[in-house]
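Here's a quick briefing on a ligand site and the fold around it. Have the sequence and the structure open as you read.

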Amino acid sequence: MPVLDKQLTVFAPAKLNLHLVVGEKRSDGFHNLESIFLKADFGDTLSFLPVDDQNSIKIVMEFGEDACITGNSSLTDIPQEENIIYKAVSLFRSKTGFCQGLIIKAEKRIPAGGGLGGGSSDAACALLALNQIAGSPLNFDRLLELAAALGSDVPFFIHETNAALVTGRGECIKPLKTPRMFLTLVNPGFPSDTASAFRLLDNYRLQASGGNKTSIPESPPFTRQRSASLRLRKKDFTNMYNDFLPVFPEREKSVYNGIIAQLMELGACFASLSGSGSTCFGVFNGKDSAENAALVLGKKWKFVRVCKTLLK
Ligand code: C5P
């Protein structure tokens, strides 16, 4: 295929959930959330190469060692039509009529099924790149609508902000100011399926309430306390937790709790699980302490990465 124009190369950052409260299940089957999302300087790289072949699309996936760490072949071994980048391109084309042929190369580093938003970030990145190549046919609000149709975490990646208080199904995004954080990411080497984790959480609550009605946490801490102030301070860590942590089967739960405890022992000012798993993270004040923790945890776990939060 003859190449038409210069290639556009874009970084698709990983996210992590510093805090994640799951509210009630809604009539559309999704749950209301209260979460603090952060973007990291660790992620995938996507390149978009326009070619002279209208409506064609070829996606070349290159899985690095990190991306395969969870052994999740259902996410790495899928037909092109099921790839979320393909879905993003198809949706964009259907809404805009943009038919430029494209070869898209995705260099995957974010572990698949690891709770770090790899697929969501790639999808948002594809929407933004296509909109740029096509001369901005969609405004910001339309891009957000398309993003929400692709997945609950996708809208966050459309926003420029690198940190946000996220509510609703994932589409209500309030930018947050945060201090610089050094992170040690640890993945235990198995994936976690989001829909199954939500089901486990529903069952857990049903059982906890004696099977009568689902018990839902009271109004979550940040929506309640911080609606006026959108600056995050490290003392806020005391109000943070992840509602998924208690709901997993014993084996997974003990792996997560073990990693989190070790991160705290190694000097993290906060440690938790990202999303519905399976990556744990520790927040450190300095690069040296984050690297020291990585050195210790790297002896046991295959995926251990030190990165920083992106600042804006
Ligand atoms: O939107 P996404 O495709 O990431 O969601 C995957 C699954 O996770 C949904 O089908 C739903 O079961 C669950 N989910 C939810 N509430 C949310 C986000 C996801 O119940 N806010």
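A polar side-chain atom of H31 sits 2.7 Å from an oxygen atom of the ligand, a polar contact in the sense of N or O atoms paired within 3.5 Å (within protein, one must be able to donate a hydrogen and the other to accept it, and residues adjacent in sequence count only if both atoms are side-chain atoms). Bear in mind that this is a predicted model, where local features need pLDDT of at least 70, side-chain atom pairs count only at pLDDT 80 or more, and totals for chains, interfaces and linings use all residues. Residues are numbered from 1 along each chain as its sequence is written, and side-chain values use heavy atoms, with hydrogens and water left out.

**Ligand contacts**
- The side chain of S152 puts an N or O atom 2.6 Å from an oxygen atom of the ligand.
- On its own the ligand exposes 450 Å², and the protein buries 71% of that (Shrake-Rupley areas, 1.4 Å probe).

**The shell**
- Around the ligand you'll find G29, F30, H31, L33, G151, S152, R169, T194, A195 and F198, counting a residue as near if one of its heavy atoms lies within 4 Å.
- Sorted by class, that shell has four nonpolar, five polar and one charged residues, with Gly counted among the polar ones.
- Which element gives the largest share of the shell? That's α6, with three residues; helices here are DSSP runs (H or I) of at least four residues, and strands (E) of at least two, numbered from the N terminus.

**Two domains**
- The chain splits into domain 1 (8-175) and domain 2 (182-308), with bounds from an automatic or database domain assignment.
- Both domains give residues to the shell, so the ligand lies between them.
- Their C-alpha centres are 22 Å apart.
- Across the divide, 33 residues of domain 1 are in contact with 42 residues of domain 2 (heavy atoms within 4.5 Å).
- The two bury about 2900 Å² between them, 63% of it on carbon and sulfur atoms; that is the accessible area (1.4 Å probe) lost on being put together, summed over both.

- Most residues other than glycine have a negative phi, and most peptide bonds are trans.
- G277 and S278 are joined by a cis peptide bond, with omega about 15 degrees, and S278 lies in the loop between β8 (270-273) and β9 (280-284).
- N55 has a positive phi, near 70 degrees, and belongs to the loop between β2 and β3 (57-63).
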